[in-house]
Amino acid sequence: MASSTIPTHYPQLVDPTRTPLAFLNRAVPRLNRELQSDNLLLRQRAVRSLCDYLHDPEHMLPCLNEDIPATLLDLLKDTDQFCRLKSAECYYVIASHSIGRQAMLACNVIPCLASLFDDKEPSVRRNAHKAVSMYSEAPPGAQNLIEIHLVDTLLKKLISELDEIKELILNTIHFCLMVDVEQALAADAMSTLTSLLEHPSDKIKTLAALTIFHLSVSLKGKERAVEIGTVNELVALLDSNDDALKSKSALALSIICIITPGKYCTIKAGAIPKLLAMLNKESTELVVNALKVIACIAEAPEGRKKLLESVDQIERYINHRLPNLAKHAQIAAKVIKWMP
């Protein structure tokens, strides 16, 4: 016979680590109330439920209307590690939406997230950097990071952080440089990024080379790259077995070689044989970036003289079916065969 006694254990489908969601439009107000509770267990369960709840795009607007981003600010300062971890993750999800980034800007969230860069727990720091990186992917977000002078802090963290977090920081800096390079140049970002070109991880070296490209858009960046030997490091990476790394290294060289010292430094570092070898690769991006560098260094008499011997390798791409590849091959061949 069935008993009417209430069981002491949870039903099978109820997770005791999450707050049960209230019905329809009462769900977010209840979560918001429990996020502000003095009871640690309630806060933990609520922030975990909120993190799952935010992953549905339809729930983003109700959460913003309930001022959830402002409520989460207090959880970033919580003494409990789990609350800091999950609240930073919530901001990562919020930052993936345009209206979420606007709400974060209105609440001035980034300085609070940046305070977690010094957290003793690596997972908390990782989530904080994930949120800031996602926030920076839109120009207004990157502009906000520039305005609060966060680039210098990011560059300092780039030296000491774990490799996984370094990738996130490089991604953030990359988007900031697309808005403004002056702060990074003032903090000598070129030296920091050049040191990463010797890192064991190909992915970190690839991101560093891409970031150097954006930093070198400025004349000061190009001159600094020549001055501290960045060009030599980039040329050395053209021998890598990783096509993405070679492509981004060539891309960085292509913009540094715009200035005359950059051309001669690249030639002296022995880039020409490596660039010609890259023309035999299947990757279109790799070949195009190699052709860009070749066109730049061919403007120097020494470069043109060496490349004339191999102009046939370049001319075979002139009538290529891909317009971008054909265009850069035509430019490179024209510069190489130019006669004064």
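**Salt bridges and positive phi**

Guide: Start with K157 and D118, whose side chains meet in a salt bridge at 2.3 Å, N to O. The term needs a side-chain nitrogen of Lys or Arg within 4 Å of a carboxyl oxygen of Asp or Glu. This is a predicted model, where local features need pLDDT of at least 70, side-chain atom pairs count only at pLDDT 80 or more, and totals for chains, interfaces and linings use all residues. Residues are numbered from 1 along each chain as its sequence is written, and side-chain values use heavy atoms, with hydrogens and water left out.

Visitor: Where do K157 and D118 sit in the chain?

Guide: K157 is in helix α10 (residues 151-160), while D118 is in the loop between α7 (110-115) and α8 (122-136). The two are 39 residues apart, and the pair links distant parts of the chain. Helices here are DSSP runs of H or I, at least four residues, numbered from the N terminus.

Visitor: Is K157 buried or exposed?

Guide: Buried, with a relative accessible area of 17%; D118, at 58%, counts as exposed. The cut-offs are under 20% for buried, over 50% for exposed, and partly exposed in between, using a 1.4 Å probe and protein chains only.

Visitor: How many salt bridges does the structure hold?

Guide: It holds 17. The general idea is that side chains of opposite charge can pair when their charged atoms come close. Take E164 and R126, which meet at 3.8 Å, N to O. E164 lies in helix α11 (residues 163-177) and R126 in helix α8, so this pair ties together parts 38 residues apart in sequence. E164 is partly exposed at 48%, and R126 is partly exposed at 25%.

Visitor: What separates R224 and E227 in their helix?

Guide: About one helical turn, because they are 3 residues apart in helix α15 (residues 219-227). Salt bridges that share partners also join D188, R224 and E227 into one network. The R224 to E227 bridge itself is 3.0 Å, N to O. R224 is partly exposed at 23%, whereas E227 is exposed at 58%.

Visitor: And the backbone: which value does phi of N108 take?

Guide: Phi of N108 is near 55 degrees, a positive value in a residue other than glycine. N108 lies in the loop between α6 (98-107) and α7, partly exposed at 43%. H149 also has a positive phi, about 55 degrees, and is not a glycine. Look for H149 in the loop between α9 (139-147) and α10, where its 53% relative accessibility counts as exposed.
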